[in-house]
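Here is a short briefing on one protein chain.

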Amino acid sequence: MTSPTALTELDDAALRQRVIDCGGQPFQARQIAQWVYRHGVTDYDGMKNVPGALKNRLAAELSLRSSQVENADLAADGTEKLLVRLRDGQSVECVIIPDDARTTLCVSSQVGCPVGCVFCASGMFGVIRNLTVGEIVEQVLHAKARLKGDRRITNLVVMGMGEPMLNLPSLLPALRRLHDKDGIDMGARRITVSTSGYPRQMAEFAEADPSYNLAVSLHAADDELRRKLVPTAKHPVKDIVAAASSYFAHKGREVTFEVVLLAQVNDRPQDAEALVFALGAIPCTVNLIPWNPVEELASTGLRRPHVAAVDAFAESLRAGGLKVTVRRQRGADQSAACGQLRLRDLRERGDTAARC
Ligand code: SAH
Ligand code: SF4
């Protein structure tokens with residue numbers, strides 16, 4: 001017998017059809033969606049206004065979710081990292097980052113990542129598979145359930161494991177569901193997708209309705225240096241910057257360029273100069289991210305730059321006319337960089353060798 005599909009995989013039309021097939025009325029699909037996404041029920045029993053017979057028939061063929069939280073790591077600063085176990089035994093991470101009135105949730109888009117940036121834990125073993133629509137949405141449901149009091153997820157960033165532009169067929173319907181009034185009802189302005197730079201997919205993303213924010217992980221404006229950091233990068237910096245520029249022209253949304261700073265690698269004066277030259281003409285912000293060391297990458301010799309070096313780099317960019325923000329480290333007392341909780345899980349399960 002094939003295992004039932006999770007309800008979170010269904011779009012509105014498919015859910016409506018299932019409800020009708022199970023003897024229900026179309027309006028009950030909307031009620032069910034509200035129970036699942038707005039109220040976060042985890043079983044059919046919790047759906048108070050849905051008739052028992054309909055719930056029983058649906059439950060027989062459709063589970064509400066396909067994943068579960070297996071492990072949660074809470075840092076002293078309130079950052080909480082969740083390890084989410086998927087139906088096929090794979091795992092992904094999502095991270096809840098509270099900051100005063102804001103609560104940002106960082107979600108994954110793939111199991112692993114095919115891009116293989118030299119400083120990143122997510123790409124160490126390549127990509128295993130894309131996440132499904134439901135698996136992306138469920139990360140938000142799991143996170144919502146962990147929030148205390150009247151805390152809400154105010155911002156969503158697709159900056160966890162994986163390259164979102166390589167999974168647009170799942171990502172776009174998932175974001176739509178999160179944005180929907182009957183879904184999580186999250187404003188598109190509060191949703192940011194980060195990419196390591198795929199111009200064709202960025203153009204496709206620019207066609208999405210509603211308009212989300214776009215962040216581009218540039219790391220370096222010089223092609224040769226960038227290829228050292230993002231070895232699979234096929235697109236020249238100028239094409240990536242042009243795609244970001246078109247995104248702004250199309251959507252009216254300024255793009256953020258992310259630069260993971262590595263000591264003596266891409267934090268030198270000439271690296272700042274190259275960024276000013278490449279980005280000076282387009283409306284954007286540069287977000288500097290001092291590298292979070294990854295234990296498994298210790299042998300690479302990569303180092304996090306000192307605060308003074310980061311400040312000096314930021315000042316050079318500002319002097320060149322760029323808007324700059326510097327990301328402060330969160331969750332530093334646990335496995336801080338994305339992909340590390342999963343690495344620990346793979347290690348504990350003795351899985352890493354199989355993927356090397
Ligand atoms: N694949 C997409 C989104 C996921 S990575 C992308 O690369 O944009 C999200 C961000 O985290 C990227 O800017 C990435 O460069 C950064 N990142 C990955 N590993 C990091 C680490 N160890 N320290 C700091 N930033 C890291
Ligand atoms: Fe993939 Fe982004 Fe990590 Fe690069 S930084 S390996 S693109 S997840």
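For 356 residues, a compact globule would have a radius of gyration near 21 Å; this protein has 21 Å, so the two agree. The model is predicted. The C-alpha trace spans about 70 × 45 × 40 Å along its principal axes.

**Overall build**
- The protein has 12 helices and 14 strands.
- Of its 356 residues, 54% count as buried.
- Among contacts with a separation of 6 or more, 67% come from residues 24 or more positions apart.

**Surface and charge**

**Helix H9**
- Helix H9 covers residues 269-279, and its buried residues are Asp271, Ala272, Leu275 and Leu279.
- These four span an arc of only 100 degrees around the axis, which means they sit on the same side of H9.
- An α-helix has 3.6 residues a turn, so residues three or four places apart point the same way.
- The face of H9 turned away from the buried side carries the exposed residues Pro269, Glu273 and Phe277.
- Three helices are among the partners that the buried residues of H9 pack against: H7 (223-229), H8 (237-251) and H10 (307-319).
- The buried residues of H9 also pack against strands S12 (255-261) and S13 (284-290).

**Cis peptide bond**
- Aspartate 209 and proline 210 are joined by a cis peptide bond, with omega at about 5 degrees.
- Proline 210 belongs to the loop between helix H6 (199-206) and strand S11 (213-217).

- Histidine 219 is not a glycine, yet its phi is positive, at about 70 degrees.
- Histidine 219 lies in the loop between S11 and H7.
- Is histidine 219 buried or exposed? Histidine 219 has a relative accessible area of 4%, so it counts as buried, the cut-off being under 20%.
- Glutamine 264 also has a positive phi, about 65 degrees, and is not a glycine.
- Glutamine 264 is placed in the loop between S12 and H9.
- Glutamine 264 has 59% relative accessibility, so it counts as exposed, the cut-off being over 50%.

Definitions and conventions
Residues numbered from 1 in each chain as written. Chains lettered and ligands numbered in written order. Predicted model: local features only at pLDDT ≥ 70, side-chain atom pairs only at ≥ 80, totals over all residues. Heavy atoms only, no water. Buried < 20%, exposed > 50% of the residue type's maximum accessible area, 1.4 Å probe, protein only. Helix = DSSP H or I, 4+ residues; strand = E, 2+ residues; numbered from the N terminus. Arc of directions from axis to C-beta. Contact = heavy atoms within 4.5 Å. Rg over C-alpha atoms; globule rule 2.2 N^0.38 Å.
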